[in-house]
Amino acid sequence: MNLKDELTVLKGIGPVKAEAFAKIGIKSLEDLIFTFPVRYEDRRNAVAVNRLVPGEPAVFRGMVVRTSKGPYRGKRGSLLKVTVSDGTGAVEIVFFKGGYLDKTFVRGRCFDFFGTPVSGKTGIQVIHPEFAVQGELMTGIVPVYHVSGALTQKDMRNSQKAVREFYKDASDSVTPEIEERYNLCSLEHELEGLHFPSSRRHYGEARYRAVFDEVLVLQTGLLLARTCSGNGEKGVALAKGRHEIEYTDKLPYTLTKAQKRCIDEICRDLEKESSISRLVQGDVGSGKTVVAEAAIYKTVACGYQAVLMAPTEILARQHFEGFKRNFGEFGIKVGFLSGSVKKSERTEILEELKNGEIQILIGTHALIQPDVEFCRLGLVVTDEQHRFGVSQRIKLKEKGENPNLLLMTATPIPRTLAVIFYGEFEVSVIDELPPGRIKVETKCVRGRRDECYSFVKNMIDRGQQAYVVTPLIDESDGLDVRSAGEVYSELKEKFPSVTIDIVHGGMKQAEKDAAMECFARGETDILVATVVIEVGINVPNATVMVIENAERFGLAQLHQLRGRVGRGSNKSYCFLITESESETALKRCETIERTNDGFYIAEEDLRLRGPGEIFGTSQHGLPDMHITAMTKHTDILEKAKNEALNILNEDPQLSEIRHAVIKSRVAELFGTDFKLNL
């Protein structure tokens with residue numbers, strides 16, 4: 001077998017199972033080997049049933065005493081409850097929609113279980129535990145992988161065992177010289193330590209090496225991308241002068257000191273001979289848009305064009321309406337471009353853009369299409385930067401002669417990561433909220449859902465609006481998680497006089513935009529949604545945010561969702577509904593209850609979840625760094641960055657045979673949609 005072979009060469013993996021693996025990005029044996037666990041379970045010691053503690057995962061054994069079946073929320077499928085005893089006590093095992101398992105749990109049979117106990121109405125329960133006939137449950141330090149759909153942990157673990165003998169053949173991006181220089185273990189030792197750790201030390205050595213490897217590849221690619229971006233090279237230099245004051249002096253409100261400081265920093269940059277790149281970080285509601293507007297005004301006043309790219313059409317349209325209103329009195333023409341613009345209108349827009357008649361263009365990803373040509377592009381702005389990849393902003397910059405670049409994000413980035421991911425950017429921080437901004441009151445709700453929705457109804461009766469966010473679009477057989485469809489149906493039945501709509505990622509873009517625009521116009525009282533509303537909707541009259549199964553969201557995501565309310569003059573509320581007893585989940589909720597400081601929340605999110613969620617890396621241009629705990633290995637960051645610089649100084653094109661693997665991994669990581677000088 002070869003590591004490039006498809007998974008079907010492994011015993012037990014046919015076309016159907018291979019397709020399930022492919023859906024999570026695993027197509028070859030090599031993909032499988034480099035798919036690392038997201039966490040581990042300590043199953044070394046079984047616990048007596050009478051020693052089970054709510055919230056603490058445990059292995060326990062027991063004999064089936066009785067079973068009972070009943071309806072599951074009145075829908076298709078049935079609830080199965082299994083009572084097991086080990087002589088010290090009894091515990092109830094619950095399977096939602098698990099009626100089909102009643103033939104498995106025959107009275108008198110003995111099983112091993114692994115799960116997290118919770119406090120139920122009749123005593124301790126364990127929901128959907130992993131189970132096996134006694135003696136067959138996997139024990140020890142057990143890896144847990146990301147799986148979905150038809151894939152199970154058992155499938156993943158068995159497959160990893162099957163490829164274990166090929167670890168020695170895996171391609172290594174770390175050369176022997178680098179291994180020796182930094183006292184790193186071998187790749188084979190790393191793979192063994194991550195998939196099958198024999199001890200804490202073994203895992204620690206493997207993890208350290210894996211972190212170094214990931215950051216080395218990432219930094220090599222980012223350094224190459226920075227070379228392509230033209231940062232620091234001769235670019236668009238604007239005329240000196242306080243042009244931006246003409247714009248800010250006409251605003252109907254006073255800027256905060258932080259906003260003024262950021263505008264000064266950016267405008268000084270824009271007057272430099274070299275192309276500049278600056279990242280503007282500001283918490284939800286801090287007023288980043290007006291900072292960008294001031295920079296855009298200066299750019300246009302100096303005879304150049306500016307472009308702003310937003311991740312969603314509704315956010316882009318909101319910017320367009322605001323820019324058209326704000327810049328109209330200065331005689332500045334603003335254009336809009338998205339995938340939904342009609343062909344005839346698009347043709348006219350492109351012509352006006354090319355001849356310079358359109359001075360500011362607002363849009364979505366449609367802006368990076370090849371036929372979009374500017375006359376004299378001076379400034380590129382991306383809003384909600386974490387939603388875009390490196391390649392997308394480079395493509396947009398290539399529309400001009402090395403224009404200046406301004407990135408805006410409402411997802412605060414921990415300083416540790418900002419240095420690594422945005423090392424070539426100057427950073428401006430808007431660390432002050434406009435006066436009069438009312439703090440959103442946040443409450444964690446456990447077991448009082450009806451009270452929560454009664455509050456929602458009271459606020460609607462006062463003429464205000466509410467969001468209800470769920471983690472899933474539809475019900476899942478394997479998860480007791482509230483779905484958007486389920487909540488939408490329940491609320492329609494509960495509040496027949498209330499206008500309720502739904503929006504989720506499974507809808508067409510036009511349908512999503514229509515639903516959100518109706519809500520923005522006040523035609524909808526309650527908008528049930530998934531995280532598609534995390535950015536891109538500004539409704540000052542919306543004063544209540546309800547988040548179902550809050551334990552399913554990361555801290556940064558909860559903070560962003562909460563930021564959809566509290567945008568008007570009325571006091572706003574956020575309710576985090578959870579039934580989880582997980583210590584981590586409860587800490588998350590407590591953190592959100594306690595603070596509205598996005599920078600503190602970002603640091604906590606990094607500590608609890610890693611950098612993937614903060615940067616949206618799995619979809620937006622950076623790797624899924626699921627084993628990199630940067631807060632614990634900050635020493636590696638600088639070492640790997642220096643090593644990447646050494647590699648590129650010695651071999652700028654990565655053309656030497658010893659760098660073939662890292663070249664391949666960089667190309668795979670950053671994609672082929674832009675050149676990395678390779």
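## About the model

Residues are numbered from 1 along each chain as its sequence is written, and side-chain values use heavy atoms, leaving out hydrogens and water. Because the model is predicted, local features need pLDDT of at least 70 and side-chain atom pairs count only at pLDDT 80 or more, while totals for chains, interfaces and linings use all residues.

## Rings that pair up

A pair of aromatic rings is described by the distance of the centres and the angle of the planes. Here, rings of Phe, Tyr and Trp (its six-membered ring) pair if their centres lie within 6.5 Å; planes under 30 degrees apart are stacked, over 60 edge-to-face, and the rest tilted. The count comes to 21 aromatic pairs. Take Phe-320 and Phe-336: their planes stand at 45 degrees with the centres 5.5 Å apart, so this pair is tilted. It links distant parts of the chain, 16 residues apart, with Phe-320 in helix α10 (residues 313-328) and Phe-336 in strand β12 (residues 334-337). Helices (H or I, at least four residues) and strands (E, at least two) are DSSP runs, numbered from the N terminus.

Buried means under 20% relative accessible area, exposed over 50%, and partly exposed in between (1.4 Å probe, protein chains only). Elsewhere, ring pairs join Phe-60, Phe-95, Phe-105, Phe-111, Phe-113 and Phe-131 into a cluster.

## Charges over rings

A charge sits over a ring if NZ of Lys or CZ of Arg is within 6 Å of the ring centre and within 35 degrees of the ring normal. Arg-43 does this over the face of Phe-114, 4.3 Å from the ring centre. The charged end of Lys-571 lies over the ring of Tyr-573, at 5.7 Å from its centre.

## A buried glutamate

Glu-30 belongs to helix α2 (residues 29-33) and is buried, with 15% relative accessibility. Leaving aside neighbours within four places in sequence, Glu-30 is in contact (heavy atoms within 4.5 Å) with Leu-3, Lys-4 and Ser-171.

## The second largest pocket

Rolling a probe the size of a water molecule over the atoms shows where empty space is left. Which helix gives the largest share of the lining of the second largest pocket? That is α10, with ten residues.
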